[in-house]
Amino acid sequence: QVQLVESGGGLVQAGGSLRLSCAASGNILRINAMGWYRQTPGKQRELVAVISSGGSINYADSVKGRFTISRDNAKNTVYLQMNGLKPEDTAVYYCTAEATQVLRPAMDYWGKGTLVTVSS
């Protein structure tokens, strides 16, 4: 089983910054894409940013120019640097990774989420 553990969430004022981290552990052969999603009550989980194993990146339009995703393949860790935070960025942020284990096909794994609250 692959475990994803997020950290770095919290309360910040509008215009401030936070950096989220997510470390993957377990009997991992390879991690393909890693990314971040977010969800607010009553809404569907939405993509924030995703990065492939080769470094290709996609962002949601709402965060382009403010958020930066990166990863450290040696540490199986993905980061999300969030600058210029807005109240509408308030959500639970979930880390996801597509990972392959021994004798198992690639599967999507999710962390438990970390809450980001942006006050106005």
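This is a predicted model: local features need pLDDT of at least 70, side-chain atom pairs count only at pLDDT 80 or more; totals for chains, interfaces and linings use all residues.

Biologist: Which residues form a disulfide?

Modeller: Cys22 and Cys95 do, with their sulfur atoms 2.0 Å apart; a disulfide here is a pair of cysteine sulfur atoms within 2.5 Å. Cys22 lies in strand S3 and Cys95 in strand S9, 73 residues apart, so distant parts of the chain are linked. Strands are DSSP runs (E, at least two residues), numbered from the N terminus.

Biologist: And why is the disulfide left-handed?

Modeller: Because the torsion about the S-S bond of Cys22 and Cys95 is about -80°.

Biologist: Is Cys22 buried or exposed?

Modeller: Cys22 is buried, at a relative accessible area of 0%. Buried means under 20% relative accessible area, exposed over 50% and partly exposed in between, with a 1.4 Å probe and protein chains only.

Biologist: Turning to the open sheet, what order do its four strands have?

Modeller: The order is S1-S3-S8-S7, with antiparallel pairing; two strands pair if DSSP finds at least two bridges between them. Strand S1 (3-7) and S7 stand at the edges with a single partner strand each, so one side of each has no neighbour in the sheet. Between S1 and S3 there are five bridges, and Val5 stands opposite Ala23 in S3.

Biologist: How many residues are in the largest nonpolar core?

Modeller: It has 30 residues, and Trp36, Leu80, Met82 and Tyr93 have the most contacts inside it. Such a core is a set of buried Ala, Val, Leu, Ile, Met, Phe, Trp, Tyr and Cys residues joined through side-chain atoms within 4.5 Å. S9 gives the most to this core, with five residues.

Biologist: Where is Asp89, and what does its side chain meet?

Modeller: Asp89 is in the loop between S8 and S9, and is buried at a relative accessible area of 1%. Its side chain makes a polar contact of 2.7 Å with that of Arg66. A polar contact is a pair of N or O atoms within 3.5 Å; within protein, one must be able to donate a hydrogen and the other to accept it, and residues adjacent in sequence count only if both atoms are side-chain atoms. The backbone nitrogen of Lys86 lies 2.8 Å from a polar atom of the Asp89 side chain.

Technical notes. Residues are numbered from 1 along each chain as its sequence is written. Side-chain values use heavy atoms; hydrogens and water are left out.
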